[in-house]
Amino acid sequence: MPAHSRPGFPKAPPPRGPNSPRIPSFYRPRPSATPPLTGPRLRSALPARKIVGLLSELRPQQMFLRAVSSGLTSLFRTPGLAAVTAMSTGTFVQLDPLNYRDGARVEPVDSSGTEKAFEPATGRVIATLQCSGETEVHLAVKSAKAAFEIWRKKSGMERGQVLLEAARLIKEQKDAIATMETINNGKSIFEARLDIDTSWQCLEYYAGLAASMAGEHVQLPNGSFGYTRREPLGVCVGIGAWNYPFQIACWKSAPALACGNAMIFKPSPFTPVSALLLAEIYTKAGAPPGLFNVVQGGAATGQFLCQHRDVAKVSFTGSVPTGMKIMEMSAKGIKPVTLELGGKSPLIIFSDCDLEDAVKGALVANFLTQGQVCCNGTRVFVQKEIIDKFTKEVVKQTQNIRIGDPLLEDTRMGPLINGPHLERVLGFIKSAKEEGATVLYGGEPYEPTDPKLKHGYYMTPCILTNCRDDMTCVREEIFGPVMSILPFKTEAEVLERANDTTFGLAAGVFTRDIQRAHRVAADLQAGTCYINNYNVSPVELPFGGYKKSGEEVGMHKPATVASAATPVFLSL
Ligand SMILES: NC(=O)c1ccc[n+]([C@@H]2O[C@H](COP(=O)([O-])OP(=O)(O)OC[C@H]3O[C@@H](n4cnc5c(N)ncnc54)[C@H](O)[C@@H]3O)[C@@H](O)[C@H]2O)c1
Ligand SMILES: C[N+](C)(C)CCCC=O
């Protein structure tokens, strides 16, 4: 939550960071008891603020080379991962306990059922997890409370040192963590490595901020003075989605821990494994046992966490319907929430764009992580003058995307997360056809030639044309590799259509006209607006949503404008 809009925080540091739970949202303003208080000051009159962040002009080719040249050089056996048999497609099984409490892996003391986690590339079960019951959740909270008592008394500098060491360990173990992420999530190893980079970068960023957070000294009449303290909230809960398992765990825990809180993290039951690596790293880095606990499970476990009396805040990443439930539960306990929810983001391509960049931008805006990205720009509005040329080129490049074993270096599209989700995505394509859309390319189940991948959840990326704004495929979040192309004539028209949605997570604009770029970005109702780029993730910038895409307790919506020379490429 933006510091500027919180009572009692008139001079907080700027709310910059990768995720909405930025530093101030894990703090509560607390004036000291004596001497006399100034009292909290409401800054509700602050105008809405937009943050403009410029990306460094790192060429995408350099980024690519850096990522691939690192190689799989440091395969390791993580402490506690003794039962990992191998780190390649089709062999990994997870036999160690998947909960983490008091600095060690544990089996839950009670359970409300089991869930199977798959390797999407092969369809194999890699882990069966016990869904933590109410007693286990209570033990995790108790352990986190004890750690909080130690942690909250540390100086910001001391907390920063632990986070820095954890960041160093993540960097050191990057390839093994990325491999684990690829095995459990299905995203290509190329992408997973980029995710791990934005994970350790996030810890470094908040480590840097930890020491500089301070309260205020306020002069009062007759020689009196007051001061404010910035105090952590206590035990915070993080609930994650399955599309960025390790990154979400880092983006939630880093700001929370930097501010002096403890965190209990519940990953999605589809992707339970990599959060444990983070837990082990925090312990190794010097975090007190219990500071970062992991409980596994689905909705029931999540509810136990949200409803627990001693949980001070819930930070949630997931779908809008679940976000609504989380908000409702938290409201009953008067708990602040941060909600990072879904989207149906517009990507606007003007006729004066650099077409080559725009095509690459559209690919990365739609097919990253097999299209399972909250901020994907899936409503691709293309100005009429260039729509034929654009469509032809986008189809050509989509045909070149390499689908297959996600652990292979040249794979750019792996399997979807699981069978039911694949069916759901294919169902959207079927209904698009029924509603009059044309499938220009893809949208079919895909079977790679490697026999071990036969039971994986692959499909060809799909391009739809003849779309209308009222079609289901254009209105609803598909969360799969499906691009809908929509023609437009004028700037005013496209802005109105782009904003005509209940979501507001991200948006993109491709144009050579710099004034138009910033004018359109300012009028788009979205948490992040990319200019001549898409889906880049600099950790220094906030990441949040308008409308149903997200919620924080604050007086303005974060709106980031990320601008760069050229987009990251998906196809080779
Ligand atoms: N805005 C963002 O930053 C962001 C990032 C990633 C994903 N997402 C969104 O997440 C969605 C996909 O993720 P998903 O399928 O895992 O979402 P989901 O809402 O089904 O589940 C998310 C998490 O909530 C838990 N959960 C489910 N019901 C719950 C309940 N009643 N109480 C407490 N916890 C509960 C799940 O076990 C899981 O850990 C998409 O809509 C996507 O756009 C958003
Ligand atoms: C890293 N990205 C691409 C910004 C995605 C953030 C999480 C959304 O699903």
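This is a predicted model: local features need pLDDT of at least 70, side-chain atom pairs count only at pLDDT 80 or more; totals for chains, interfaces and linings use all residues.
Local features need pLDDT of at least 70, side-chain atom pairs count only at pLDDT 80 or more, and totals for chains, interfaces and linings use all residues. Residues are numbered from 1 along each chain as its sequence is written, chains are lettered from A and ligands numbered from 1 in the order in which they are written, and side-chain values use heavy atoms, leaving out hydrogens and water.

View 1. Look for the polar contacts (here, pairs of N or O atoms within 3.5 Å). One oxygen atom of the ligand is 2.7 Å from a polar backbone atom of Gly 240, and a nitrogen atom is 2.7 Å from a polar backbone atom of Leu 341. On its own, ligand 1 has 850 Å² of accessible area, and the protein covers 88% of that (Shrake-Rupley method, 1.4 Å probe).

**View 2. Ligand 2 in its shell.** Here you'll find Asn 243, Tyr 244, Gln 247, Leu 368, Val 373, Cys 374, Cys 375, Asn 535 and Ser 537 around ligand 2. Oxygen atoms of this ligand lie 2.8 Å from a polar side-chain atom of Asn 243 and 2.9 Å from a polar backbone atom of Cys 374. The protein covers 94% of the 300 Å² that ligand 2 has on its own.

**View 3. The largest cavity.** Rolling a probe the size of a water molecule over the atoms shows where empty space is left. A cavity is a set of points on a 1 Å grid over the protein atoms alone, where a 1.4 Å probe fits but cannot get out. The largest one holds about 60 Å³ of space (the volume filled by probe spheres set on the points). Its lining residues (an atom within 4 Å of a point) include Lys 344, Val 373, Cys 374, Glu 477 and Phe 479.

View 4. The whole structure has 0 disulfides (pairs of cysteine sulfur atoms within 2.5 Å). For Cys 259, the nearest cysteine sulfur is that of Cys 236, 8.7 Å away. Cys 259 is buried, at 0% relative accessible area (buried means under 20%, with a 1.4 Å probe and protein chains only). Cys 529 is buried as well, at 1%. Its sulfur is 12 Å from the closest cysteine sulfur, in Cys 375, so that gap is too far for a bond.

Notes. A residue is near a molecule or strand if one of its heavy atoms lies within 4 Å of it. A polar contact is a pair of N or O atoms within 3.5 Å; within protein, one must be able to donate a hydrogen and the other to accept it, and residues adjacent in sequence count only if both atoms are side-chain atoms. On a 1 Å grid over the protein atoms alone, a cavity is a set of points where a 1.4 Å probe fits but cannot get out, and a pocket is an open set with protein on both sides within 12 Å along at least five of seven lines; lining residues have an atom within 4 Å of a point. Buried means under 20% relative accessible area, exposed over 50%, partly exposed in between (1.4 Å probe, protein chains only).
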